[in-house]
Amino acid sequence: MTDTRPLGGEASARMGFGMSRPGRDPAGAEAAEDAERAAETLPPDARVDLAKERAETGIDEVFSSLDADLVGLAPVKTRIREIAALLLVDRARAQFGLSTSRPNLHMSFTGSPGTGKTTVALRMADMLHRLGYLRRGHLVSVTRDDLVGQYVGHTAPKTKEVLKRAMGGLLFIDEAYYLYRADNERDYGQESIEILLQVMENQREDLVVILAGYKDRMDSFFVSNPGMGSRIAHHIDFPDYTLDELEDIGKLMVAAEGYSFTSEAQETFREYLERRKAQPRFANARSVRNAIERARLRHASRLMVADRPVNKEELITLATEDILGSRVFADHNADHNTETDSR
Ligand SMILES: Nc1ncnc2c1ncn2[C@@H]1O[C@H](COP(=O)(O)OP(=O)(O)O)[C@@H](O)[C@H]1O
Ligand SMILES: [Mg+2]
């Protein structure tokens, strides 16, 4: 997942984000930077072509792949465009010497499992890299277990190691609220939170943190940890998918894997989704992906059991029976009538 493309060049250099200048002594470097900044500052009557700046960053590619790959999520896509606009304007302001410090970019992504938070975070890392706000643009995804140790003295090194890996990119903390245990104020999670807070404040030119998880739990986490809440600049909520959206996500995934549903199977799949949605542990698009994986397994077994030569058509076609084999349709066995979605 590590993205090692070189820095988005000119813009980043102009803004001086974390750019080291090898071979210069610190005092000399500072003076040189001051001189450079002064030389590069545009006169007040200059004009900046925002459309041209935007085209040069290549962020439109990020938007078009977001639109092509992700069904729905209209409010999320709008927020991402707003953030991009804000940063493009911030870059333009910097050219006139108007922006003094880099904007706070820490975010919270709230929503149920499988609503696209991790997927969008990856795109966000790419976008921030292209805009010159992240040096490397990679994503490091962690949970409490990666940050917090079991014994005294283990938490700080673990948290620092994760931060080191994430520098220059985006740190995605899934179910971030597990860092805080209201019933135990001596929990090691607190130590991790304090280190994170410091880095989110002092090294925010080189690291963006996204806290992800359920909305209600995140809200109470911010109430108990106002320091965290106040460092989050953008709260983005990921709504559950509608039945139509889940169906479209299924079609997209099936096509992406080189399969297609018969028209009858398409209807059966919709019925599957309707039932699955009402069951426990439903995980939105992740459940769709898992269902398709299982349909592929049944399809493969069916072809093997048939024990005869198969043609291309048969190899790509998922039929109704490949979906009906799911426990979701086994009404008579209520105890086992739930699909499990491993995360
Ligand atoms: N809107 C969407 N359109 C298509 N696929 C999606 C969409 N949202 C999520 N997915 C897919 O569903 C799976 C789970 O998404 P993920 O981003 O891991 O969700 P979360 O992090 O919210 O639990 C991934 O395989 C992802 O590609
Ligand atoms: Mg996730």
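## Two helices that cross: H12 and H13

The axis of a helix is a line fitted to its C-alpha atoms over the stretch in contact, and the angle between two axes runs from 0 to 180 degrees between N-to-C directions. In this predicted model, the axes of helix H12 (residues 243-256) and helix H13 (residues 263-277) come within 10 Å and cross at roughly 125 degrees. H12 is therefore oblique to H13, and the crossing is right-handed.

On the H12 side, the residues that meet H13 are Leu243, Leu246, Glu247 and Gly250. Their partners in H13 are Phe269, Arg270, Leu273, Glu274 and Lys277. By type, the residues of this contact comprise four nonpolar, one polar and four charged.

## The chain as a whole

The protein chain contains 16 helices and seven strands. It has 343 residues, of which 32% count as buried. Among the contacts in the chain with a separation of 6 or more, 79% join residues 24 or more positions apart.

Helix H3 (residues 50-57) packs against helix H5 (residues 74-95) at an angle of about 115 degrees, and their axes are 10 Å apart. Angles of 65 to 115 degrees count as roughly perpendicular, so H3 and H5 are roughly perpendicular to each other. The crossing of H3 and H5 is right-handed.

Leu50, Glu53 and Arg54 in H3 meet Leu88, Arg91 and Ala92 in H5. This contact is made up of three nonpolar and three charged residues, with no polar ones.

In soluble globular proteins, nonpolar side chains tend to be buried together. The largest nonpolar core here has 51 residues, and those touching the most other members are Ala121, Leu128, Leu170, Phe172, Val209 and Ile210. Helix H6 (residues 117-130) supplies the largest share of this core, six residues.

Which residues does Phe172 contact, leaving aside its neighbours within four places in sequence? They are Thr118, Ala121, Leu139, Val140, Ser141, Ile210 and Ala212.

## A buried loop residue: Ala176

Ala176 is located in the loop between strand E3 (170-174) and helix H9 (189-202). Is Ala176 buried or exposed? A residue counts as buried if 20 or more other C-beta atoms lie within 10 Å of its own; Ala176 has 27 and is therefore buried.

Not counting residues up to four places away in sequence, Ala176 touches Leu211, Ala212, Gly213 and Phe221.

## Two residues with positive phi

Leu73 is not a glycine, yet its phi is positive, near 60 degrees. Leu73 sits in the loop between helix H4 (59-69) and H5. Because Leu73 has 22 C-beta neighbours inside 10 Å, it counts as buried.

Asn284, likewise a residue other than glycine, has a positive phi near 45 degrees. Asn284 lies in helix H14 (residues 284-306). With 22 C-beta neighbours inside 10 Å, Asn284 counts as buried.

Note on methods:
Residues are numbered from 1 along each chain as its sequence is written. Chains are lettered from A and ligands numbered from 1 in the order in which they are written. This is a predicted model: local features need pLDDT of at least 70, side-chain atom pairs count only at pLDDT 80 or more; totals for chains, interfaces and linings use all residues. Helices (H or I, at least four residues) and strands (E, at least two) are DSSP runs, numbered from the N terminus. A residue is buried if 20 or more other C-beta atoms lie within 10 Å of its own, exposed if 12 or fewer, and partly exposed in between; C-beta atoms are placed from the backbone. Two residues are in contact if their C-beta atoms, placed from the backbone, lie within 7 Å. Angles under 35 degrees count as roughly parallel, over 145 as roughly antiparallel, 65 to 115 as roughly perpendicular and the rest as oblique. A crossing is left-handed if the near helix is turned anticlockwise from the far one by less than a right angle, and right-handed if clockwise. Ala, Val, Leu, Ile, Met, Phe, Trp, Tyr, Cys and Pro count as nonpolar, Asp, Glu, Lys and Arg as charged, and the others, Gly among them, as polar. A nonpolar core is a set of buried Ala, Val, Leu, Ile, Met, Phe, Trp, Tyr and Cys residues joined through C-beta atoms within 7 Å.
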